Amino acid sequence: MSLFAFLRNRTVFWLSLTGTTTGLAFFVKDLMQGGQFTKETNETGKVFIVTGANTGIGKETVREIAKRGGTVYMACRNLKKCEEAREEIVLETKNKYVYCRQCDLASQESIRHFVAAFKREQEHLHVLINNAGVMRCPRSLTSDGIELQLGVNHMGHFLLTNLVLDLLKKSSPSRIVNVSSLAHTRGEINTGDLNSDKSYDEGKAYSQSKLANVLFTRELAKRLEGTNVTANALHPGVVDTEIIRHMGFFNNFFAGLFVKPLFWPFVKTPRNGAQTSLYVALDPELEKVTGQYFSDCKLKEMAPAATDTQTAKWLWAVSEKWTKPAMIKIQ
């Protein structure tokens with residue numbers, strides 16, 4: 001009897017093929033989850049801000065910091081979703097020092113109000129995690145007239161960071177963590193049309209904003225030399241989060257039925273996507289490391305365009321002009 005005689009039975013054949021394929025998919029899925037931050041740290045007494053914290057990577061970042069005893073401010077646009085996420089996290093971690101505060105990164109007024117309220121409540125800030133972002137959305141503008149991806153992913157975080165720098169310096173050693181993307185390697189800062197007024201490509205605009213994150217990180221690190229405040233950027237990996245909500249191809253019926261299952265083994269869960277953020281924010285060995293780029297809990301090379309000092313200085317000057325971070329009144 002042939003070794004493969006059982007394959008003549010079609011039912012057995014298809015069951016065997018399905019089982020093998022499923023097993024392989026789970027094996028690949030496990031391999032693709034990336035590095036894990038497993039060090040035990042005690043964050044009691046430390047204050048954190050995490051933007052975009054009600055879902056995905058941000059939510060999992062808050063969850064883990066709360067488990068470690070940290071005081072966490074969830075800076076979110078949607079307060080209802082934020083409160084739902086907070087309730088879940090507080091019940092799980094038994095840490096009541098998790099707070100929801102409204103902060104719409106598409107509105108500089110909202111950012112200023114958030115910072116003013118935060119400074120009334122807290123005298124220190126030890127870690128700022130700039131996590132929120134939008135991806136490949138149809139062209140639209142922030143309330144301040146800035147292209148949405150550039151406005152939220154870069155300008156909003158540029159303003160927020162500069163407005164809380166005084167607290168970060170006061171609380172040193174402290175850290176700024178900017179969640180960028182591997183997409184920064186495809187990015188180009190369009191100095192002739194930064195706001196995409198003349199033409200708009202959603203993919204190029206996203207990559208530009210992610211390159212801006214890394215350029216901002218490097219320039220910020222230089223400006224903070226000697227303050228004991230560090231700034232680093234990271235790529236979280238390809239993660240299954242709401243950030244793809246504007247990508248129509250992945251949200252139609254066909255994609256849900258055929259495409260997403262094919263991509264599933266290669267995509268990280270939000271919990272695993274948060275690991276590099278936690279590593280950069282919490283690992284004691286990185287206390288003095290600054291101006292670097294990480295992925296899968298490891299130091300990685302950034303794109304050559306991200307090391308362009310002149311472009312970084314130009315982008316900083318434009319960002320200052322568009323956000324005017326020095327203009328804030330604390331009431």
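The side chains of E43 and K46 come together in a salt bridge, with 3.6 Å from N to O; a salt bridge here is a side-chain nitrogen of Lys or Arg within 4 Å of a carboxyl oxygen of Asp or Glu. This is a predicted model, in which local features need pLDDT of at least 70, side-chain atom pairs count only at pLDDT 80 or more, and totals for chains, interfaces and linings use all residues. Residues are numbered from 1 along each chain as its sequence is written, and side-chain values use heavy atoms, leaving out hydrogens and water.

**Salt bridges**

- The structure holds 16 salt bridges.
- In the E43 and K46 pair, E43 is buried at 3% relative accessibility, whereas K46 is partly exposed at 36%. Buried means under 20% relative accessible area, exposed over 50%, and partly exposed in between (1.4 Å probe, protein chains only).
- E92 and R63 also meet through their side chains in a salt bridge, at 2.6 Å from N to O. This pair links distant parts of the chain, with E92 in helix 3 (residues 79-93) and R63 in helix 2 (residues 56-67), 29 residues apart. Helices (H or I, at least four residues) and strands (E, at least two) are DSSP runs, numbered from the N terminus.
- Of these two partners, E92 is partly exposed at 40% relative accessibility, while R63 is buried at 9%.
- A network of salt bridges links K59, E60, R63, K67, E88 and E92.
- E64 and R68 form a salt bridge as well, their closest N and O atoms being 2.9 Å apart. Here E64 is partly exposed, with a relative accessible area of 22%, and R68 is buried at 12%.

**Helix 2**

- Ten of the twelve residues of helix 2 are buried, so this helix is largely enclosed by the rest of the structure.
- At 1.5 Å a residue, helix 2 should span 16 Å, and its end C-alpha atoms are 17 Å apart, which agrees. The expected span is 1.5 Å times one less than the number of residues in the helix.
- After helix 2 comes G69, whose phi is positive, near 95°.

**Nonpolar cores**

- The largest nonpolar core has 34 residues, and I49, L125, I176 and L220 touch the most other members. Such a core is a set of buried Ala, Val, Leu, Ile, Met, Phe, Trp, Tyr and Cys residues joined through side-chain atoms within 4.5 Å.
- Elements giving two or more residues to this core include strand 1 (47-51), strand 2 (71-76), helix 4 (108-121) and helix 7 (202-223). Helix 5 gives the most, with six residues.
- Not counting residues up to four places away in sequence, I49 touches Y73, A75, F114, F118, L125, V127, L128 and I129. Contact means heavy atoms within 4.5 Å.
- A second, separate core of 29 residues includes V50, A53, V127 and V280.

**Around H184**

- H184 sits in the loop between strand 5 (174-179) and helix 7, and H184 is buried, at 0% relative accessibility.
- Leaving aside neighbours within four places in sequence, the contacts of H184 are S207, K210, L211, V214, Y293, M302, A303 and A306.
- H184 and K204 are 20 residues apart in sequence, and their C-alpha atoms are 9.8 Å apart in space.
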